[in-house]
Amino acid sequence: MSKLQNLPGQLLIGLSGGADSVALLLLLMDAGVRVTAVHVNHGLRGAESDGDEAFVRDLCARQEVPLMLFRACPPENPGEGWAREARYGFFQQAMRETKADALALAHH
């Protein structure tokens, strides 16, 4: 855990609501790292996407973690490539807006 203490002062975390990103959030919080969560609702799975957003909102409220939410407007026939580009575009915007030092992502 000592290496976590050397993380930058302002850290963004991509928080999808999945087990991997939630575990990363909790690990960083336990280590005393100051984080802001960023969630992107791609709108690709209808009510499921909205459910993920609601879960993330609730988790961040309970943990008192600042949260930035973005909603993407998918084109016709969006694919994983489109979703990835949209997500990273929003991450870059969040980095600029918060002047964060780094972005942490968890992917399995």
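Tyrosine 88 counts as partly exposed because its relative accessibility is 34% (buried means under 20% relative accessible area, exposed over 50%, partly exposed in between; 1.4 Å probe, protein chains only). Phenylalanine 91 is buried, at a relative accessible area of 5%. The model is predicted: local features need pLDDT of at least 70, side-chain atom pairs count only at pLDDT 80 or more, and totals for chains, interfaces and linings use all residues. Residues are numbered from 1 along each chain as its sequence is written, and side-chain values use heavy atoms, with hydrogens and water left out.

The protein chain comprises three helices and four strands. These elements are DSSP runs numbered from the N terminus (helices, H or I, at least four residues; strands, E, at least two). Along the sequence they follow the pattern β-α-β-α-β-α-β. Of the 108 residues, 37% count as buried. Contact means heavy atoms within 4.5 Å. Among contacts with a separation of 6 or more, 66% are between residues 24 or more positions apart.

A search of the whole structure finds two aromatic pairs. Rings of Phe, Tyr and Trp (its six-membered ring) pair if their centres lie within 6.5 Å; planes under 30 degrees apart count as stacked, over 60 as edge-to-face and the rest as tilted. The ring centres of phenylalanine 70 and phenylalanine 90 are 4.8 Å apart and the planes are at 25°, so this pair is stacked. The pair links distant parts of the chain, 20 residues apart: phenylalanine 70 belongs to strand β3 (residues 67-71) and phenylalanine 90 to helix α3 (residues 80-98). Both phenylalanine 70 and phenylalanine 90 are buried. In the pair of tyrosine 88 and phenylalanine 91, the centres are 5.6 Å apart and the planes at 85°, so the geometry is edge-to-face. Tyrosine 88 and phenylalanine 91 both lie in helix α3, three residues apart, about one turn of the helix.

A nonpolar core is a set of buried Ala, Val, Leu, Ile, Met, Phe, Trp, Tyr and Cys residues joined through side-chain atoms within 4.5 Å. The largest has 17 residues, and Ile13, Leu15, Leu25, Leu28 and Val35 have the most contacts inside it. Two or more residues each come from β1 (11-14), α1 (19-30), β2 (35-41) and α2 (47-63). The largest share, four residues, is from α1. Beyond its neighbours within four places in sequence, isoleucine 13 contacts residues including Leu24, Leu25, Leu28, Val35 and Leu103. A second, separate core of eleven residues includes Leu12, Val38, Phe91 and Ala100.

Helix α1 has twelve residues. Its span from first C-alpha to last is 16 Å, close to the 16 Å expected at 1.5 Å a residue (1.5 Å times one less than the number of residues). Ser21, Val22, Leu24, Leu25 and Leu28 of α1 are buried. Viewed down the axis, the buried residues fall within an arc of 160°, so they line one face of the helix; the arc is that of the directions from the helix axis to the C-beta atoms. They pack against β1, β2, α2 and β4 (102-104). The face turned away from the buried side carries the exposed residues Ala19 and Asp30. Glycine 32 follows α1, with a positive phi near 80°.

Strand β1 is covered on both faces: Leu11 and Ile13 are buried on one side, Leu12 and Gly14 on the other. β1 and β2 run parallel and are joined by four bridges; two strands pair if DSSP finds at least two bridges between them. Leucine 12 stands opposite threonine 36 in β2.
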